[in-house]
Structure formats: C-alpha cells, structure tokens
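Keep the 3D view open as you read.

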Amino acid sequence: MQPRQGEESEDMGVKSKAAAAIVILLLFLGCLWLQGGLDYHWDSCLKSYNQLNQLTNSSGAGEAEGPLRQEGCPGQTFQVSALLSHLQDASASRSDIMLQPYLSSWDELVRFMESLGPMVGLISNEIETKTTLIRQLALAVEEGPEAELRPDRPPARFAGTSGADDRRAYRSVRSMIQAELQSGLVDFQQTSDSGCRTLLRLHRALDWLRLFLEKLAETPAGGTGGRLRSPSELCREAYQGTLAHHHTWFVRRAAELAFIALPQRGFFYRLVCVQNQEELSRLLLRVVAAIAQVYDRTQGILEDHQMLDLP
C-alpha cells in the first residue's frame, strides 16, 4: 500500500528536523575542536547557533621562487597574494617573527577557512578570539595605565624601567615572550590568558593549515592520469598528523565530521583564480614555503623558552 501524501510530508518534516539537529550539534562540537589548541567559548557557539537558526528560518529549509603573478583574485574575500605578503613581512627579521603581520596573516587565513563553508568557518571564530586577545594585550600596553579603566581590555601589567620599552612589548614574538615572563603573565602550571599561551594555540593550528595546503598541492605520481584525492580526505589526514595529537577522542570525531563538508577541488581553483592542478600546485607551494618559514622560526623561539607544552 502506498503511503498517503500527508504521511510523506510528515516523514520529510521529521528528516529535515533531524538533519537540522545534526548540523546544530556539529556547530557546538565545532567549538570544542581546538580544545588543547584553541579553547571552547560558549558565546561563540551561541552566536553560530543563532545565525544558523536565522538562515534556516529564512530559507525554509614546487615553485617557491619568482614573483606572484596575480595581484588579486576578483570576487573573492580571501586573497592569496595578501596572505603571502603578510607572511613575508612577519619573517622579515632573521631571528624573530613580527607580531602585527603575523596576526594579519591569520586574518587572511580566517577568510580562507570561512570560504570553505560553515563547519570549517566555525573554527575561524575560535581563531579570531585568539588573535583578538593578543591585539588587546598589545593595545593595553601601548595605551599605558589608563587602559585599565577599559573593561573590554586586559590591564597593562608590565612593570619595566621604561614606558617606551614596555610599549614595544608586543612588537615581535621574542619581545612578547620576554615581557610576559618578566611580568609573570605566563603560567607554566595552569591555563592563563597570556599572549604566549595564545600564540602556541595559533602555532598548532598553523601547522595543520600548512600540512593541508601542502597535501592539496600534491600532484598524482605518474603524471596527470593519476587520482587526485579529495580535499576532505587531505584535510582529515593533515589534522590527524597535527592538531589531533592535542585533542580528546570526542573532539577528534567532531573535527573529522566537519571535514566531510569541505568543497571539491574545483572550488579551490576558483578561490585562487587558477585553471588546473598544476597552477594550483605552483601557487600553494609558494604559500606553504612562506608558512613553513614562519612556523619553523616560531617553533624555535617557543622551544628556546620551553613553551611548547603550556597548559
């Protein structure tokens, strides 16, 4: 006996609600995904949940040398040329990382993640809280004692001999570490809102993105006839080799579910304005090389100060 039309409508309604419930659950799990890297924030989760509800209700349902050819990619918020420029500025010093261009690099990487869809874009909300914290700490120090009157900013707690020196504390990674160690802001035993701990979480996430882009740049062995693996598979593999080591089993499962929704490879061609995998590989290898330089130098600085395992 064929089901009646009313029963079909009811069944479709149940399925739609179930699908919406799963997506909402993933949104909340997504806020946990960088636990051990980037922390869980309920406000961010609730914001994403409300945005999803509004959307649902309204719809009813190899080469690292040479100049970069394109100055910009029309129609895209993420600009790979801007990312490269910020990364190069961040590593301009031979033995340090400049904080302002480093954070600007993350601004561009946030746009990259947001372009990949709501599930991966949710991770960018967590990253933005981290870049914002470092910027607030820097601003509080630059403004001096009067910044303590601003409830939206951390107090300036540095007690150096020179106000001018204090206000340069967040100029680079090394200067930030030295200033926060002198002020006692870094806690090696428990969680703290220090710039050093925050930087470590961003550093771990950068390793994941570096490895993902490196894998995305791979060309199949044996020429163009080989199989190109899906971005979803590559992203999951990159995650398992990096951030997953800092996460619980529950967070790892939630993260891998989010990667299933990644767009296909053709999307990445359009995102950076290339025509094929060969062009994408050349461009991404430039980006990977620039990220690696920033990552390796940051790794060395954190290691010098025994900060690779800050709680």
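In this predicted model, 13 residues line the largest cavity, and those nearest its centre are Phe78, Phe112, Leu213, Val272 and Leu284. The volume of this cavity is about 100 Å³. Several helices come together around the space: helix 3 (80-90), helix 4 (99-115), helix 8, helix 11 (265-271) and helix 12 (277-304) each give two or more residues to the lining. Helix 12 provides the largest share, with three residues. What classes of residue make up the lining of the largest cavity? The 13 residues are nonpolar, with no polar and no charged ones among them.

Now turn to the second largest cavity, which holds about 30 Å³ of space. Its lining consists of Leu87, Tyr102, Ser105, Trp106, Leu109, Leu206 and Val294. Which helix gives the most to this lining? Helix 4 does, with four residues. The lining here divides into six nonpolar residues, one polar residue and no charged ones.

Helix 8, one of the contributors to the lining of the largest cavity, deserves a look of its own. Helix 8 covers residues 195-216, and at 1.5 Å a residue its 22 residues should span 32 Å. The C-alpha atoms at its ends are 31 Å apart, which agrees with that expectation. Is helix 8 mostly buried or exposed? Of its 22 residues, 21 are buried, so the rest of the structure largely encloses helix 8.

Terms used: Residues are numbered from 1 along each chain as its sequence is written. This is a predicted model: local features need pLDDT of at least 70, side-chain atom pairs count only at pLDDT 80 or more; totals for chains, interfaces and linings use all residues. Side-chain values use heavy atoms; hydrogens and water are left out. The expected span of a helix is 1.5 Å times one less than its number of residues. Buried means under 20% relative accessible area, exposed over 50%, partly exposed in between (1.4 Å probe, protein chains only). On a 1 Å grid over the protein atoms alone, a cavity is a set of points where a 1.4 Å probe fits but cannot get out, and a pocket is an open set with protein on both sides within 12 Å along at least five of seven lines; lining residues have an atom within 4 Å of a point. Grid points are joined across faces, edges and corners, and a volume is the space filled by probe spheres set on the points. Ala, Val, Leu, Ile, Met, Phe, Trp, Tyr, Cys and Pro count as nonpolar, Asp, Glu, Lys and Arg as charged, and the others, Gly among them, as polar.
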